[in-house]
Amino acid sequence: MLRKLDELTLDNSFAALPEAFYTRLLPRAPGNPRLLHANADAAALIGLAPAELHTPAFLAVVSGQQPLPGGDTLAAVYSGHQFGVWAGQLGDGRAHLLGEVVGPAGNWELQLKGAGLTPYSRMGDGRAVLRSSVREYLASEAMHGLGIPTTRALALVVSDDPVMRETRETAAIVTRMSPSFVRFGSFEHWSARRDPERLRQLADYVIDKFYPACREAAGEHGELLALLREVSQRTARLMAGWQSVGFCHGVMNTDNMSILGLALDYGPYGFMDAFQLGHVCNHSDTEGRYAWNRQPSVALWNLYRLAGSLHTLVPDAEALRAVLAEYEGVFTRAFHERMAAKLGLSAWQADDEALLDDLLRLMHESRSDFTLTFRALARAVRGQVGQFLDHFIDREAAQAWWDRLSARHAADGRAPQARADGMDAVNPLYVLRNHLAEQAIRAAAQGDASEIERLLSLLRQPCRAQAGAEAYAALPPDWAADLSVSCSS
């Protein structure tokens, strides 16, 4: 049953931890806040009735003017490695956790991003800007539409208050949702402080709340090793999802890695247009640490930092390493499973590695559009091979590769129509390209949320073609080449 805002049931389990884990404080609402968009799909997850999204009470909560009824507002502390360097104490510098709502199918924490200064803001102003807020609002829903684990977005509030980034911009607030916002850096914080008691409290909280089966693990420290295994495997599968859709996160710092294996903290991300193996979407990443082809290994590096934190409680370093040694196999199997489906194969075989590598090499050499090239494979199965070949400079080499895939399909045995339909069901037609996000940002700056609504309608079912949406599935316009995103995004 869907409820009113003040009828929601709250748990607030993170707030029940000792106060060393956070600071209780209220948000600071921007001037003249206005609701630009609210997400009814996300609202249903917490059992909130759609009509509530348009009430003054809802705006008061998601703009930071009033606390969530029954909530316990706080900002969490954590630490982390940023671009491979220990950054020390960090924390929710512009985020306020409002409370944890008991939803129809699980609990969700609500968090305002951009709601003002906290004790962890360091040199920041505690604000988020319209540009980054629209991008995050859309990205989490786009990722969900692709079937990849992610935080969600409930509401987007705008204001005319000025905020200085690379240029003068205006303030905005995103209401984010997640079962938990605990990060790898949350564990690093207590390990770095040499506080095993707090570290153990955090581990017990995460295990009991999210990984209770870990309590059944045998052996000394079995539950902690099982926790690391679960986080490692979820992270591996998350990376397989990212790689399979050409997604670059842009800033895979340990404080941006979810302990639940969710895509978290959408900043300078990007879905690739022209494919490059070493594509870097964040122009702040001058050394290419977070390039597309490095994301799986960076995730493992981050998991080693998490394991290093748990080493405070688990003296057996070899046992921790043995758990992390399983990561590559989990990632590889998950990635191969996704790529087999994208290529129209019933199951992955050893020789398919060369087939995929050669396709990616051809795409790299031609700067083929990642999304549209894979989408064109189903058309080729239906006999429109030329539409696939059009994505390559060397059509002869692409034809030779297609002949190899066709032979593999013939050995696979499925009917062409069923195969093509299956490929269309996993190869998206619509992704959140930077220029599409930019169009939504420009409209939002004029108070127009129609482009956000249009994108959400497409991104919720990204593999299904919709009439009149051809422009959203086209190659990016020339002006899109001038777009760039950075850590200020």
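**Note on aromatic contacts and nonpolar cores**

1. Arg 289 lies over the face of Trp 301, at 4.6 Å from the ring centre. Trp 301 has a further charged neighbour: the charged end of Arg 305 sits over its ring, 4.2 Å from the centre. These values, like those below, come from a predicted model.

2. A search of the whole structure gives 18 aromatic pairs. In one of them, Trp 242 and Phe 247, the ring centres are 5.3 Å apart and the planes meet at 65°, so the pair counts as edge-to-face, the cut-off for that class being over 60 degrees. Trp 242 and Phe 247 are both buried.

3. In soluble globular proteins, nonpolar side chains tend to be buried together. Here the largest nonpolar core has 131 residues. The residues with the most contacts inside this core are Phe 14, Phe 187, Val 206, Phe 388, Trp 401 and Leu 432. Helix H6, spanning residues 222-244, contributes the most to this core, with 11 residues. Domain 1 (13-182) and domain 2 (345-413) each supply at least three residues to this core.

4. What does Phe 14 touch, leaving aside residues up to four places away in sequence? Its contacts are Phe 21, Tyr 22, Leu 74, Ala 76, Leu 97, Glu 100, Glu 109, Val 182 and Tyr 205.

Terms used. Residues are numbered from 1 along each chain as its sequence is written. This is a predicted model: local features need pLDDT of at least 70, side-chain atom pairs count only at pLDDT 80 or more; totals for chains, interfaces and linings use all residues. Side-chain values use heavy atoms; hydrogens and water are left out. A nonpolar core is a set of buried Ala, Val, Leu, Ile, Met, Phe, Trp, Tyr and Cys residues joined through side-chain atoms within 4.5 Å. Buried means under 20% relative accessible area, exposed over 50%, partly exposed in between (1.4 Å probe, protein chains only). Helices (H or I, at least four residues) and strands (E, at least two) are DSSP runs, numbered from the N terminus. Domain bounds come from an automatic or database domain assignment. Contact means heavy atoms within 4.5 Å. Rings of Phe, Tyr and Trp (its six-membered ring) pair if their centres lie within 6.5 Å; planes under 30 degrees apart count as stacked, over 60 as edge-to-face and the rest as tilted. A charge sits over a ring if NZ of Lys or CZ of Arg is within 6 Å of the ring centre and within 35 degrees of the ring normal.
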